[in-house]
Amino acid sequence: MPVGSMTQLGTIRLGKGAAQRVPKIRDFMPLARLSDLVFGGWDVFPDDCYAAALKAGVLEDAHRDSVKDFLQKIRPMSAVFDPAYVPTLRGGTNIKSAASKMDLAQCLVEDIEGFRSDSRVNRLVMIWCGSTEVWIERAEAHQGIKEFETGLRANDPAIAPSMIYAYAALKCHIPFVNATPNLCIDIPALVQLAEANGVPVAGKDLKTGQTLVKTVLAPGLTARLLGLRGWFSSNILGNRDGQVLDDPGSFKTKESVKLSVLEHILEPELYPELYGNFHHAVRINYYPPRGDNKESWDSIDLTGWLNYPMQIKVNFLCRDSILAAPLVLDLALFIDLAHRAEMKGIQDWLSFYFKYPMSPPGVDPENNLFIQLVRMKKMLRFLMNEEGDGIET
Ligand SMILES: NC(=O)c1ccc[n+]([C@@H]2O[C@H](COP(=O)([O-])OP(=O)(O)OC[C@H]3O[C@@H](n4cnc5c(N)ncnc54)[C@H](O)[C@@H]3O)[C@@H](O)[C@H]2O)c1
């Protein structure tokens, strides 16, 4: 059962009054069929997908072993990787070497074209799910396509491996989604390249656990005009993502994204007396015994009538990968659909899936989950030339 997947379980309201109907999205939209999907990718470790799943320990034996043969056939291609960008990720041997970042990009293009012809697929999408890279400031090499390509040739440190993958995808006219908090495709150079090559892109950082809950609760506070004095978010997790985030550089990248969501939802410029001065902190602690089963605590200090203080505590015992998997599937299907509909550049109608949704220059990102849902369904109806009744479920 594809729990959590909008493309597989979600419905959409169409038409008005007596003409109204509510089909499943997968029956209404011409999405790629699951049985037609073929998988390939890169990793710094040479393990096939079965061996990787065994080590990750997310799935129970029965689930994992029911697809053992299928998973064993998926072997990662060698990665474009530099430990300077993920200092805690050690011991990988499946790594390309080349004189320049431009040469590495060329190797990825060859991998992509090799995969395209070996698997005989008609269309490709690339979802970046690699480890969180260290914080990178926006730099000259990010400003335009020419500057970026000069930087690739000169091994500019402002160009991280995730950007090289994104560049290779766009050169091959492949839609690209950034599921991580890295800058990656969120730079003018790569957005320009996406526009120039007619490729849709989206990101960044999947909205799965604590931030999902945050973007459900915060709109509730603003709807009732309750004030906020502080929101303290803390997490423990013990998977490799948690280990990578133990590095202060990688944590800074994650923190910047996680901190951004409340500002946009609470709109302190409109309600300075309610949200003009709240304290927001995010902590992530690597704690191996929990593996992929993340635990988060949110301690929310709010205020009511006459500014009387109140508190909400949320303790979410979630599963990181179980929450992320359906979002990756949905994004693959939707970005492929967008490409077929000749949409290009930033697809902010997919904001629903992200902690820090990319948005076109001059447009504020939307973080409220319910507004994001309305916008996404509106776009789906628009693509199919259908009307709605203004209500979403
Ligand atoms: N719930 C979630 O799982 C979730 C939610 C939101 C965002 N994310 C983000 O997604 C990313 C991956 O998370 P994860 O839990 O799957 O981590 P993971 O450690 O299980 O997987 C990341 C993989 O990327 C590989 N990798 C790192 N750099 C690479 C490179 N340059 N080329 C090829 N492979 C590379 C690593 O070897 C590892 O196998 C992180 O940035 C994480 O913050 C995950």
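## Ground rules

Two strands count as paired if DSSP finds at least two bridges between them. Helices (H or I, at least four residues) and strands (E, at least two) are DSSP runs, numbered from the N terminus. What you're looking at is a predicted model: local features need pLDDT of at least 70, side-chain atom pairs count only at pLDDT 80 or more, and totals for chains, interfaces and linings use all residues. Residue numbers start from 1 along each chain as its sequence is written.

## The mixed sheet

Let's start with an open sheet of four strands, in the order β7-β6-β8-β9, where the pairing is mixed. β7 (279-286) and β9 (309-317) are the edge strands; each has a single partner, so one side of each is left without a neighbour in the sheet. From one strand to the next, the twist averages 10°. (Axes are lines fitted to C-alpha atoms, for helices over the stretch in contact, and angles run from 0 to 180 degrees between N-to-C directions.)

Strand β8 (residues 295-303) pairs with β9 in the antiparallel sense, over nine bridges. Thr 303 sits opposite Pro 309 in β9. Helix α12 (residues 248-266) lies across β6 (227-237) and β7, running at about 150° to β7.

## The parallel sheet

Another open sheet of four strands goes β3-β4-β5-β10, with parallel pairing. Here β3 (126-128) and β10 (345-346) stand at the edges with a single partner strand each, so one side of each has no neighbour in the sheet. Helix α14 (residues 320-340) packs on this sheet and touches β3, β4 (176-178) and β5, its direction making about 150° with that of β5. Touching means contact: two residues whose C-beta atoms, placed from the backbone, lie within 7 Å.

Now for strand β5 (residues 200-203), which pairs with β10 in the parallel sense over two bridges. Val 201 stands opposite Ile 346 in β10. β4 and β5 also run parallel, joined by three bridges, and Val 177 has Ala 202 in β5 as its bridge partner. Pro 200 and Ala 202 point one way from β5, Val 201 and Gly 203 point the other way, and all are buried.

## Helix α8 and its partners

Helix α8 (residues 161-171) and helix α9 (residues 188-196) have axes that come within 10 Å and cross at roughly 15°. That makes α8 roughly parallel to α9. Angles under 35 degrees count as roughly parallel, over 145 as roughly antiparallel, 65 to 115 as roughly perpendicular and the rest as oblique. Met 163, Ala 166, Tyr 167 and Leu 170 in α8 meet Leu 190, Leu 193 and Ala 194 in α9.

Helix α6 (residues 101-119) meets α8 too: their axes come within 9 Å and cross at roughly 50°. α6 and α8 are therefore oblique to each other. The α6 side of the contact includes Leu 104, Leu 108 and Ile 112, and the α8 side includes Ile 164, Tyr 167 and Ala 168.

## Around α9

Which residues of α9 are buried? They are Ala 189, Leu 190, Val 191, Leu 193 and Ala 194. The buried residues of α9 pack against α7 (145-153), α8, β5 and β10. Just after α9 comes Gly 198, with a positive phi of about 65°.

Notes
Buried ≥ 20, exposed ≤ 12 C-beta atoms within 10 Å, placed from the backbone.
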